[in-house]
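Subject: Structure for you to look at

Hello,

Here is the structure I promised to pass on. Please open it first, then read the notes below.

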Amino acid sequence: MPAKEKRCFELRTYYAAPGKLDDLSARFRDHTMKLFARHGITSVGYWMPVENAENKLVYMLAFPNREAATNLWRELSSDPEWKEVVKQTQANGKLATKVESIFLAATDFSPAVASSASAEPRAFELRTYKTLPGKLPARLARFRDHTVKLFAKHGMGQFGYFVPLDKNKGADDTLIYILVHKSKDAGAASFAAFRADPEWVAAKAASEKDGPLTLPAPDGVKSVFMMPTDYSPSR
């Protein structure tokens with residue numbers, strides 16, 4: 001089955017320097033997003049973890065394809081206005097100490113990824129699954145055939161499901177997806193109901209008859225609840 005969503009996505013995580021998270025966020029709000037749009041880079045969403053001891057800003061971009069992503073980033077980095085923005089905003093030191101980037105493709109069961117704004121606050125949950133060697137196809141099949149439907153049954157919004165494009169970033173063993181909840185507490189309640197659902201219990205048992213699919217804790221499943229920034233297209 002071909003993927004509904006053909007674009008290439010990039011999930012980026014910035015670790016702000018001490019005391020610089022607000023300045024970093026302001027640069028996105030006041031400058032970066034406009035420059036992204038000028039160069040044909042689509043801003044999908046910008047979030048900060050609810051528990052943010054590492055001063056993270058997480059965001060997702062969309063490109064027509066991987067080649068376009070490379071070319072558009074090159075164009076942006078050469079833009080004189082962008083160079084001036086960086087110079088001005090980093091006059092008193094760099095705003096970020098580290099940047100992580102993962103290029104992603106949507107799975108064939110992912111909804112089309114679309115930004116949307118809700119009148120009510122929403123919490124976004126970024127979940128990363130690391131599978132045991134050779135188990136990613138079985139993990140994807142379980143999501144395609146069972147999990148996605150059961151998430152909907154238990155009131156979880158589904159923003160997108162992705163796999164990394166690069167082997168050194170998890171192409172062979174990683175599933176990354178984003179859910180949407182009314183709140184962090186609502187998300188926890190939905191997951192509790194989901195895990196207790198007899199249909200899920202049966203699906204999980206059947207898919208793991210030859211052994212578990214995921215690495216043992218704490219590496220197998222990671223969850224980060226995030227709140228959208230005030231300038232995020234998805235909020």
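Start with the largest pocket. Six strands each supply at least two residues of its lining: β1, β3, β4, β5 (123-130), β7 (174-181) and β8 (221-228). β8 provides the largest share of that lining, with four residues. Keep in mind that this is a predicted model.

The volume of the largest pocket is about 760 Å³. Its lining counts 29 residues, and Lys56, Leu126, Thr128, Lys222 and Val224 are the closest to the pocket centre. What is the lining made of, by class? It has 11 nonpolar, nine polar and nine charged residues.

Now the chain as a whole. The protein chain has six helices and eight strands. In sequence order they run β-α-β-β-α-α-β-β-α-β-β-α-α-β. The radius of gyration is 19 Å, close to the 18 Å that the globule rule gives for 235 residues, so the chain is as compact as a globular protein of that length. The C-alpha trace spans about 60 × 35 × 30 Å along its principal axes.

Two more figures for the protein chain. Of its 235 residues, 46% count as buried. Take the contacts with a separation of 6 or more: 80% of them are between residues 24 or more positions apart.

Next, the interior. In soluble globular proteins, nonpolar side chains tend to be buried together. Here the largest nonpolar core has 24 residues, and Phe28, Phe36 and Tyr46 have the most contacts inside it. Which elements each supply at least two residues of this core? They are β1 (8-16), α1 (21-38), β3 (56-63), α2 (66-78), α3 (80-89) and β4 (96-106). α1 gives the most, with six residues.

Tyr46 deserves a look of its own. Leave aside its neighbours within four places in sequence. Tyr46 is then in contact with Phe28, Met33, Phe36, Val58, Tyr59 and Leu61, among others. Its contacts also include Met227, Pro228, Thr229, Tyr231, Ser232 and Pro233. Two of these partners, Phe28 and Phe36, are named with Tyr46 as having the most contacts inside the largest core.

Best wishes

Definitions and conventions
Residues numbered from 1 in each chain as written. Predicted model: local features only at pLDDT ≥ 70, side-chain atom pairs only at ≥ 80, totals over all residues. Heavy atoms only, no water. Core = buried A, V, L, I, M, F, W, Y, C linked by side-chain atoms within 4.5 Å. Buried < 20%, exposed > 50% of the residue type's maximum accessible area, 1.4 Å probe, protein only. Contact = heavy atoms within 4.5 Å. 1 Å grid on protein atoms, 1.4 Å probe; cavity = no way out; pocket = protein on both sides within 12 Å on 5 of 7 lines; lining within 4 Å. Points joined across faces, edges and corners; volume = space filled by probe spheres on them. Nonpolar A, V, L, I, M, F, W, Y, C, P; charged D, E, K, R; others polar. Rg over C-alpha atoms; globule rule 2.2 N^0.38 Å.
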